[in-house]
Amino acid sequence: MGSVSGLWTHPPFALFSLVDLSHQRAHDGSTVDAWWFYLAVYDYALAPQKKYDPLGQEGTIVPVDPYFKSPFIGQNQFRVAQWLENKPKSVDLDSHFFGILDKQAEKSGKVVLCRIGDAHLKGHVVTCLLWDGDTPTLTLGGTEFGDWDEILRSQGNYTPEL
């Protein structure tokens with residue numbers, strides 16, 4: 001369910017780049033909203049680890065390595081969801097909500113927001129929304145029960161462009 005704090009979501013959130021992005025776009029995508037996005041790589045040891053921090057965890061610390069290349073290029077939302085579902089318990093990333101940078105994100109600066117599970121965060125179904133707001137991680141961080149499904153009903157499920 002939600003995090004131990006009682007919130008429905010638990011930042012930071014994994015951010016997967018499914019396309020080869022410019023360094024600037026990778027940097028911009030990982031730094032919005034006080035660094036609550038972690039620009040994911042295969043190695044779980046490099047992800048934020050659980051520890052007590054009264055200020056909360058951060059995602060990717062800038063600057064992003066100028067030679068960064070996503071290991072998730074060409075994969076889809078289901079494959080990256082598996083990475084998140086298989087993360088060790090020591091990794092401090094939300095287990096159900098994550099972001100994707102796809103072709104649309106590269107062109108428009110938007111972010112794809114995804115959820116694993118149904119309205120009660122049960123199961124393995126993956127739904128996605130193309131988010132054109134300025135604050136995608138604040139949106140995820142403030143998501144409460146029912147919010148996602150209400151937006152999904154109005155916008156429809158989005159399929160990331162590879």
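Predicted model: local features only at pLDDT ≥ 70, side-chain atom pairs only at ≥ 80, totals over all residues.
Reader: Which residues of helix 5 are buried?
Author: In helix 5, residues 147–155, the buried ones are W148, D149 and L152.

Reader: Why are the buried residues of helix 5 said to line one face?
Author: Seen down the axis of helix 5, they fall within an arc of 90 degrees, so they line one face of the helix. On the other side of helix 5, E150, R153 and S154 are exposed.

Reader: What do the buried residues of helix 5 pack against?
Author: They pack against strand 3 (97–101), strand 4 (111–116), strand 5 (126–131) and helix 4 (136–141).

Reader: How many aromatic pairs does the structure hold?
Author: It holds 8 aromatic pairs.

Reader: What makes the pair of Y44 and W83 stacked?
Author: The planes of Y44 and W83 are at 20 degrees, and stacked requires under 30 degrees. The ring centres are 4.7 Å apart, within the 6.5 Å needed for a pair. The pair of Y44 and W83 is therefore stacked. Y44 lies in the loop between strand 2 (37–39) and helix 2 (77–85), and W83 in helix 2, 39 residues apart.

Reader: Why is W83 called buried?
Author: Its relative accessible area is 6%, and buried means under 20%. W83 is therefore buried.

Reader: Why is the pair of F72 and W83 called edge-to-face?
Author: The planes of F72 and W83 are at 80 degrees, with the centres 6.0 Å apart. Edge-to-face applies over 60 degrees, so the pair of F72 and W83 is edge-to-face.

Reader: Which residues form one aromatic cluster?
Author: The cluster is formed by F16, Y42, Y44, F72, W83 and F98.

Conventions: Residues numbered from 1 in each chain as written. Heavy atoms only, no water. Buried < 20%, exposed > 50% of the residue type's maximum accessible area, 1.4 Å probe, protein only. Helix = DSSP H or I, 4+ residues; strand = E, 2+ residues; numbered from the N terminus. Arc of directions from axis to C-beta. Contact = heavy atoms within 4.5 Å.
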